[in-house]
Amino acid sequence: MNKRPFLALFVTPAVLAALASAAALAAILQYAFRAYVPGSLDPGGFSLSNFEALLRPLYAQVFVQTVWICLLTAFITLVVAYPLAFALVRTRNVALKSFLLITAVTPLFLGEVVRTYSWIIVLGNTGFINSILMGLGLVERPVQMMFTTFGVVVALVHVTLPVMVIMLAAALSHIDVDYEKAATSLGAGPVKAFLTVTLPLSMPGVVAGVSTAFAWTFSAFATPQMIGGGRVSMISTLVYQLGFASFNFPFAAALSITGIALTFAVLAMAKQAIRPLEKIGAH
Amino acid sequence: MSSIPPDVASQTRPVGVQIDGVTKRFGDATALHEAWLKIGQGEFMTLLGPSGCGKTTLLNLIAGFLEADGGEIFVSGSLMTETPPYDREIGVVFQNYALFPHMSVAKNVGYGLRMRGVPKREIEQRVAEALALVKLAAFGDRKPRQLSGGQQQRVALARALVIRPKVLLLDEPFSALDKNLRGSMQVELKEIQRKLGVTTIFVTHDQSEALSMSDRIAVMSDGRIRQVGTPDEIYRRPLDPFVAAFVGDVNVLPARLERRLGDMATVALGEGRVQVRAETLDGLVPGAAVDLFVRPDAMRFADADGVLAGTVATHVYQGSHVDVLVDVPAARGGRVTVRVPGHEAPGRWPAGAHVSLDFAAGDAVAFASDAK
């Protein structure tokens with residue numbers, strides 16, 4: 001008798017979904033190696049010209065900027081999320097715990113578009129922040145935050161925060177409080193105990209959180225599109241412009257494929273770079 | 001040092017740890033109720049009690065992991081109230097050892113020295129000494145997860161001792177070990193403690209562990225210290241029915257107080273008369289109901305005219321001794337356990353035999369009966 005009678009049944013949906021996305025990816029992959037025929041929606045014959053075009057400074061710069069925004073977002077999210085996750089895991093106050101959990105996780109339940117729109121209201125020239133600054137007489141003219149990298153990063157941090165908090169909280173909740181007590185009894189003050197014991201032990205969570213935040217941000221579209229307004233280019237917005245404004249599908253496809261490859265490369269490098277951090281305090 | 005009898009030692013030694021009326025509450029529950037305790041320098045003191053008795057709370061208060069709601073704690077004469085745990089110079093061995101998993105054994109042991117800014121060369125030397133003390137000299141480069149439970153236990157002990165603590169605290173350190181290993185670790189810990197002469201406070205719920213290792217024992221229940229004394233005092237002269245029942249096995253025999261004369265009292269057990277110490281009978285008048293507590297090893301089979309009569313029910317063979325269970329209608333629970341040397345039980349007192357039981361004067365302790 002089959003030991004897992006329902007295995008095939010349960011696995012089928014996953015297999016179908018995997019096949020569908022593999023097919024889509026294969027289609028994009030073959031588009032990337034076809035020539036662009038101006039004025040036509042159908043691609044031409046085999047060509048490497050799309051990838052050559054990627055090397056042009058204009059596009060290379062978008063890559064660099066995308067990676068920069070992603071790294072910045074991942075890092076700032078980490079710095080904001082760590083204390084939140086720590087408090088969430090360690091507080092014994094049930095009301096505070098619920099409050100932190102709700103604060104950290106509610107953004108997940110709003111769509112990216114809604115969240116981004118709320119940031120437009122906050123960051124705009126007549127928005128929340130500028131109204132206050134000008135009302136207090138701190139600035140004469142509105143501070144430009146919309147259509148800037150700063151604005152995009154702020155909104156992306158908000159979008160990424162819940163995922164980071166959840167991943168860090170999961171990692172921190174597995175660290176026995178006795179480790180900190182042991183460090184303290186051995187003469188480490190709270191800061192030293194944190195730096196030599198808690199932080200290194202939470203590194204797997206940090207690596208997972210930062211990697212996820214990076215990939216999450218890399219694929220973000222609505223936020224850079226709405227807040228960047230075309231003046232802050234990321235790969236996702238560039239793909240959209242090329243594909244649906246210029247109808248240059250082959251080039252958009254080449255850009256997408258390169259973006260995916262780049263994400264994997266950066267994640268692999270990040271993992272390598274962060275490895276020594278896991279040994280903090282062991283010297 | 002070990003030649004000084006512990007009870008004398010605790011009076012002649014300077015005080016290592018002093019606990020003055022310490023109280024700790026968690027919400028509405030009082031975990032520790034005005035605990036008073038003096039522990040001599042170099043003394044091995046055990047806090048013994050069932051779970052929830054407040055022993056771990058007291059340990060955490062001494063270590064500084066918890067703040068008391070009242071009372072004061074002194075270590076080597078210094079008031080600890082305002083001293084954070086990292087300045088207390090107290091070594092702690094945790095129940096689960098809490099070895100830092102990301103550091104090697106040597107880094108774990110050297111942690112406290114690095115935090116104190118001890119020069120590197122001295123750290124290496126002291127770590128090597130500490131590892132040699134616990135017989136793990138060759139294991140410095142291993143990670144904790146590569147060690148057995150007993151080895152991890154020794155690393156935890158070395159890590160706590162290497163800082164030359166004023167006090168060593170051990171929180172149920174042997175509970176995760178199997179029985180054989182536990183026995184050998186108990187002997188080893190005791191030897192190391194004697195050798196270093198470090199004041200030690202040991203928390204356990206295991207009464208045999210407490211009896212075998214301690215200079216003195218503080219028996220606790222319900223957040224109160226019930227009795228403090230040497231293992232022998234605790235075992236033979238319990239001041240409280242809880243202590244009598246918790247430490248060692250006990251037979252309970254309902255009886256009646258007949259009269260008191262100075263330090264001694266006479267108790268009527270059926271037709272028999274038993275002499276007991278009067279110290280545990282304060283406030284009782286002749287005629288009051290009392291419970292006589294007699295250890296199984298103090299019970300004896302009498303030839304004919306013992307104070308109790310019963311029928312042998314069964315034998316429980318324990319290797320070195322045999323527990324003979326005797327149905328005695330007069331006893332609490334209707335049954336009495338008699339502990340006899342292993343080689344002579346079943347043949348002499350077969351099941352179903354009618355027997356007469358006795359015990360020596362001074363082997364019984366009487367308390368006011370809690371039965372109505």
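This short talk covers a predicted model with chains A and B.

A word on conventions first. Residues are numbered from 1 along each chain as its sequence is written, while chains are lettered from A and ligands numbered from 1, in the order in which they are written. Because the model is predicted, local features need pLDDT of at least 70 and side-chain atom pairs count only at pLDDT 80 or more, but totals for chains, interfaces and linings use all residues.

Confidence next. The model scores ipTM 0.84 and pTM 0.83. Chain B has an average pLDDT (the predictor's confidence in each residue, from 0 to 100) of 90, and 95% of its residues score at least 70. Where is confidence lowest in chain B? In helix α1, residues 6-12, with a mean of 50. Strand β3 of chain B, residues 44-48, is highest at 97. Helices here are DSSP runs of H or I with at least four residues, strands are runs of E with at least two, and both are numbered from the N terminus. Residues 1-10 of chain B have a pLDDT below 50. Beyond near neighbours in sequence, that stretch has 16 contacts in the model. Two residues are in contact if their C-beta atoms, placed from the backbone, lie within 7 Å.

Now, where the chains meet. Chain A gives 19 residues to the contact, and chain B gives 19 residues. On the chain B side, β6 (90-93) and α3 (105-115) each supply at least two residues. α3(B) gives the most, with four residues. By class, the chain B side has 13 nonpolar, four polar and two charged residues. Nonpolar means Ala, Val, Leu, Ile, Met, Phe, Trp, Tyr, Cys and Pro; charged means Asp, Glu, Lys and Arg; the others, Gly among them, are polar.

Staying with chain B, there is an open sheet. Five strands run in the order β15-β19-β16-β17-β18, with antiparallel pairing. Strands pair if DSSP finds at least two bridges between them. Which strands are at the edges? β15 (299-302) and β18 (335-341), each pairing on one side only. β15(B) and β19(B), residues 354-359, pair over four bridges. One detail: B:A302 has B:S356 as its bridge partner in β19(B).

Last, two helices in chain A. α3(A), residues 57-90, and α4(A), residues 94-105, pack at about 145 degrees, with axes 9 Å apart. Axes are lines fitted to C-alpha atoms, for helices over the stretch in contact; angles run from 0 to 180 degrees between N-to-C directions. A:L84, A:A87 and A:L88 of α3(A) meet A:K97, A:L100, A:L101 and A:A104 of α4(A). That contact has six nonpolar, no polar and one charged residues.
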